[in-house]
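I opened a new notebook page for this structure. My plan is to look things up one at a time and write down what I find.

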Amino acid sequence: MQQALIGGYEDVATNIGSTDSTVTKVSPVGYAWRLAFDEYGDKLYDNDGRHPSKLGSYLAALVHFSTVYNKSALETDWRVNGVSEKHAKNLMAYAEEAFQKHLLVVEQGERRSNTFP
């Protein structure tokens with residue numbers, strides 16, 4: 001399921017990025033989630049088992065932060081109330097790994113991987 005979602009987002013980005021000079025980025029939240037799942041499992045989900053918990057939302061926010069600002073999640077000291085420093089650091093590391101290895105950037109139909117300017 002996760003791979004199908006990732007593939008769908010990547011296909012949409014490629015189609016959008018090929019139509020004009022827009023630079024399109026796909027924030028690799030799914031990859032970060034996959035990395036963190038072995039350690040956190042169901043703790044990433046809210047009680048309904050479908051929506052993200054505070055930990056899952058924080059992880060997604062860290063990946064979006066990196067994608068939007070092109071900065072490392074490790075550079076922020078922002079933490080959500082109720083997320084311990086230990087969990088925050090772990091989730092920052094997962095967000096950073098996903099951002100470094102899996103950010104998709106599409107420019108004029110060409111896919112390229114993330115590199116910091």
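Is threonine 67 buried or exposed? I found it buried, with a relative accessible area of 7%. Buried means under 20% relative accessible area, exposed over 50%, and partly exposed in between, with a 1.4 Å probe and protein chains only.

Before going on, I noted the ground rules. This is a predicted model, where local features need pLDDT of at least 70 and side-chain atom pairs count only at pLDDT 80 or more, while totals for chains, interfaces and linings use all residues. Residues are numbered from 1 along each chain as its sequence is written, and side-chain values use heavy atoms, with hydrogens and water left out.

**Entry: overall layout**

I looked up the elements next. The protein has four helices and three strands. Helices (H or I, at least four residues) and strands (E, at least two) are DSSP runs, numbered from the N terminus. From the N terminus on, I read the order as α-β-α-α-α-β-β. Of the 117 residues, 38% count as buried. I also checked contacts, meaning heavy atoms within 4.5 Å. Among those between residues at least 6 apart in sequence, 61% join residues at least 24 apart.

**Entry: back to threonine 67**

Threonine 67 is found in helix H3. Which residues does threonine 67 contact, leaving aside neighbours within four places in sequence? I listed Lys25, Ser27, Pro28, Phe99 and Leu103.

**Entry: H3 against H4**

I then looked at how H3 packs with H4. Two packed helices are described by the angle between their axes and the distance between the axes. The axes of H3 and H4 come within 9 Å and cross at roughly 45°. That makes H3 oblique to H4. Angles under 35 degrees count as roughly parallel, over 145 as roughly antiparallel, 65 to 115 as roughly perpendicular and the rest as oblique. Axes are lines fitted to C-alpha atoms, for helices over the stretch in contact, and angles run from 0 to 180 degrees between N-to-C directions.

The crossing of H3 and H4 is right-handed. A crossing is right-handed if the near helix is turned clockwise from the far one by less than a right angle, and left-handed if anticlockwise.

On the H3 side I noted Leu55, Tyr58, Leu59, Leu62, Val63, Ser66 and Thr67. They meet His87, Ala88, Leu91, Met92, Tyr94, Ala95 and Phe99 in H4. By class, the residues of this contact divide into 11 nonpolar, three polar and no charged. Here Ala, Val, Leu, Ile, Met, Phe, Trp, Tyr, Cys and Pro count as nonpolar, Asp, Glu, Lys and Arg as charged, and the others, Gly among them, as polar.

**Entry: H2 against H4**

At what angle do the axes of H2 and H4 cross? I found roughly 145°, with the axes coming within 8 Å. The crossing of H2 and H4 is right-handed. From H2, the contact is made by Tyr31, Ala32, Leu35, Ala36, Glu39 and Tyr40. From H4 come His87, Asn90, Leu91, Tyr94, Ala95, Glu97, Ala98 and His102. I noted nine nonpolar, three polar and two charged residues in the contact of H2 with H4.

Several residues of H2 are buried, including Val29, Gly30 and Trp33. Just after H2, glycine 41 takes a positive phi of about 50°.

**Entry: aromatic pairs**

How many aromatic pairs are there? I counted three, using rings of Phe, Tyr and Trp (its six-membered ring) with centres within 6.5 Å; planes under 30 degrees apart count as stacked, over 60 as edge-to-face and the rest as tilted. One of them joins tryptophan 33 and tyrosine 45, edge-to-face, at 5.4 Å centre to centre and 70° between the planes. Tryptophan 33 lies in H2 (residues 29–40) and tyrosine 45 in the loop between H2 and H3 (54–69), so the pair ties together parts 12 residues apart in sequence. Tryptophan 33 is buried at 12% relative accessibility, whereas tyrosine 45 is partly exposed at 27%.

Tyrosine 58 and tryptophan 78 form a tilted pair, 5.1 Å centre to centre with 45° between the planes. Tyrosine 58 is in H3 and tryptophan 78 in the loop between H3 and H4 (85–102), 20 residues apart. Tyrosine 58 is buried at 1%, and tryptophan 78 is partly exposed at 42%.

**Entry: the loop between H3 and H4**

Valine 83 also sits in this loop. It is buried, at 3%. Valine 83 touches Lys54, Leu55, Tyr58 and Ala88, not counting residues up to four places away in sequence.
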